[in-house]
Amino acid sequence: MIPRQDTFRVIAAYGFDRLRERISERLAVNHATGCWEFSGTLVSGYGRIRVGTHDRVVTHRAAWIIANRRDPGELLVCHTCDNRRCCNPDHLWLGSALDNVRDMDAKGRCRRICYGRKSRKLSTNDAAAIRESTDPVPLVAARHGISESHAYNIRRGECWTAESAAKRRDARAASDLLKSSRFHDERK
Ligand SMILES: [Zn+2]
């Protein structure tokens, strides 16, 4: 996978028109929504396409770059339509990770962030993924439904160590009962 911030450079080297042709061949127009839906490889619902010998780019990001001929740098290419495979440039907008979270929030998704629970339960695998990811912390935090400060702490190795996991198991057993009633109303 090509890092997000390198996508423009890689596509420019490969050729904008050349990639546009290949993506276009795999698009189906959804006439009800106006979405241009990518029908090739999907990862977590987002299209992926090979550029060159073995690297892949995310198709909606590529579509935005091809349409605008501009480098979005660290910014995210977000969907107004919430259709992850959509590559219609009119449905794409450029935002920061924070914008993206606010947008999800405004659309009523991401309930675990806005409905009062500061942090959802993470698994050891989640914590490892957070530590190892090279994505910006706000994005990683949003993806896992936890606060940015929590994500920073995990990345710095200040929490979610093996010994803190054992402590947390004990604490969790005790608090589960309480939580189940206390958060009931907020999570509806
Ligand atoms: Zn769309």
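Good morning. In strand 4, Leu42 has Gly47 as its bridge partner; strands here are DSSP E runs of at least two residues, and helices are H or I runs of at least four, numbered from the N terminus. This is a predicted model, in which local features need pLDDT of at least 70, side-chain atom pairs count only at pLDDT 80 or more, and totals for chains, interfaces and linings use all residues. Residues are numbered from 1 along each chain as its sequence is written.

Strand 3 and strand 4 (residues 46-51) run antiparallel, joined by two bridges; DSSP must find at least two bridges for two strands to pair. The open sheet has three strands in the order 3-4-5, with antiparallel pairing. Strand 3 (42-43) and strand 5 (55-58) are its edge strands, each pairing on one side only.

I turn now to the helices. The axes of helix 6 (residues 124-132) and helix 8 (residues 148-155) come within 8 Å and cross at roughly 80°; axes are lines fitted to C-alpha atoms, for helices over the stretch in contact, with angles from 0 to 180 degrees between N-to-C directions. Helix 6 is therefore roughly perpendicular to helix 8, a term covering 65 to 115 degrees. Ala127, Ile130 and Arg131 of helix 6 meet Ala151, Ile154 and Arg155 of helix 8, a contact meaning C-beta atoms, placed from the backbone, within 7 Å.

Finally, confidence. The average pLDDT, the predictor's confidence in each residue from 0 to 100, is 80 for the protein, and 75% of the residues score at least 70. Over residues 181-188 pLDDT stays under 50, and the model has five contacts beyond four places in sequence for them.

Note on methods:
Angles under 35 degrees count as roughly parallel, over 145 as roughly antiparallel, 65 to 115 as roughly perpendicular and the rest as oblique. Two residues are in contact if their C-beta atoms, placed from the backbone, lie within 7 Å.
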